[in-house]
Amino acid sequence: MAIVDVKVPQFSESVSEGTLLTWKKKPGEAISRDEIVIEIETDKVVLEVPAPADGVLAEIVKADGSTVASEEVIAKIDTEGKAGAAAAPAAAAPAPAAAAPAPAAAPAAAASAAPATSIPSPAAAKLLAEQGIAPESVQGTGRGGRITKGDALGAAAAPAAKPAAAPVVNEAATLVNGRPEQRVPMSRLRARVAERLLQSQSENAILTTFNEVNMQAVMDLRAKYKDKFEKEHGVKLGFMSFFVKAAVAALKRYPIINASVDGKDIVYHGYFDIGIAVGSPRGLVVPILRNADQLSLADIEKKIAEFGQKAKEGKLSLDDLTGGTFSISNGGTFGSMLSTPIINPPQSAILGVHATKDRAVVENGQIVIRPMNYLAMSYDHRIIDGREAVLGLVAMKEALEDPQRLLLDI
C-alpha cells in the first residue's frame, strides 16, 4: 500500500483557516489525479482541492464542516488500491459516516445509475446542502455532467426534491408559537463581510456627499457605438466602464480620495486599483481592477465580465480580491435610487451608483426630462475634507456629462 496525503492548499497571509464543504468521494471510491475531491470555503473565496495522485480514497481524516488550516492533512489516497476495497473499513469510521448527509444507495445500482461526473459546482453544492438534496440524485447538465446552479435550483423546486415533513440537513428548523423558524449559520464570507462592515463604521468617520448626473451624453455615445464596439472587442459596452474612467479622473485630480490611513500615517497611492462590488451566490465580493488608469473602456468591460462570471461560478481567486484603493458599488442594477455605501477598509472612499431614471429637471429656466443618476460618495472624514470630497464627486459628474473628456484625458 502506497499512501499519499491530501492536504489543504497554502492559504494567503490574510486567510488563517477554512471550512470543508462536501466530500465528492467516499472511502473506497476511485480517484483520478487533479480530480476535485472537496472545496474549502474561506472568508474570501472557495478553494478547490484536487487529488494529488491516481488511486482510491483510503481515508477521510476531516469530515464535512471541519475547520482546517493551511497544509493540514484532510484525507489519504492509496495509489495502489482498487475501487471498493476500502469501502467496508471506511464506512465504520465515525467522521466520514457522520458527515454523509445523502441517503444511502444500493452500491451496484447507484454506481451504474448516477454518472461518475455528477459533481456540483461550489454554488450548486451550497444550494443542495441547504435544501438537503443529495448530489447523486441530481442530473448535471454542465460540462462533463457537472451539476450547475441551475440544476440545483431546479432540483430544489421539484415537488419530490425535499419532503416537507422532514428536512434532511437543517435540523434547526423549529416551530415558535406555531410559526416556523429556521436557524442557519453564516457562511465564512458573510461573517467576514459583517465583521468588516462593523469595523468600517467603528473606525472611520464616515460622511456621504451626493450629486446628480445627466447620463444623456453617455447614453448617446453608447447607443451610437455599442454595436461596433461589441463587434470589435467581443464584449458589450456597458455603463460601468464610464463610471470607472470618471472615478479615476477624479482620483488623479484629488489624490487624497485614493489614499488610506495606516496608524497615524496617510498613505498616498500612485496607482489606481478600483474595487467593483459584485453579487455572488455566496454574498457580496469586491474583485479589483488593477491599474485602472491604464485600461481602455474595452479592457475594463472585459475584466468586469470576467469577474462576474468567476463570481457566479465561485472561481474568484484570493489575488482577485486583495488590495484596492477605491471602490464602486452599483446598486442601480437592482433598482436602487439612492444609498449611503459603506467604505471598504483600508480604503478611504467609495462611490455608490444608482438606477438611471427619466426625471424632471430645470435647464435654462425650463422644465425638461432627462435620464438622471444620483451619485453618492462616502468618505473617511479623518483625512478627506468636505471640500475634496465634494469637488471629487463634481469631477466625476462633469466627466460623465462630457465623456469625450475621458477619451482626451482632460
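How many bridges join S1 to strand S8, and do they run parallel or antiparallel? Select S1 and S8 (residues 73-78): five bridges join the two strands, which run antiparallel. Strands here are DSSP runs of E with at least two residues, and helices are runs of H or I with at least four, numbered from the N terminus. Lys-7 stands opposite Val-73 in S8.

The model is predicted, so local features need pLDDT of at least 70 and side-chain atom pairs count only at pLDDT 80 or more, while totals for chains, interfaces and linings use all residues. Residues are numbered from 1 along each chain as its sequence is written, and side-chain values use heavy atoms, without hydrogens and water.

Next, select Thr-42, in the loop between S4 (36-41) and S5 (46-50). Thr-42 is buried, at 1% relative accessible area (buried is under 20%, exposed over 50%, partly exposed in between; 1.4 Å probe, protein chains only). Beyond neighbours within four places in sequence, its contacts (heavy atoms within 4.5 Å) include Phe-11, Arg-188 and Arg-282.

Finally, show the largest nonpolar core, of 76 residues: such a core is a set of buried Ala, Val, Leu, Ile, Met, Phe, Trp, Tyr and Cys residues joined through side-chain atoms within 4.5 Å. Among those with the most contacts inside it are Ile-74, Val-244 and Ile-274. Helix H8 (residues 240-253) gives the largest share, nine residues.

Technical notes. Pairing = 2+ DSSP bridges.
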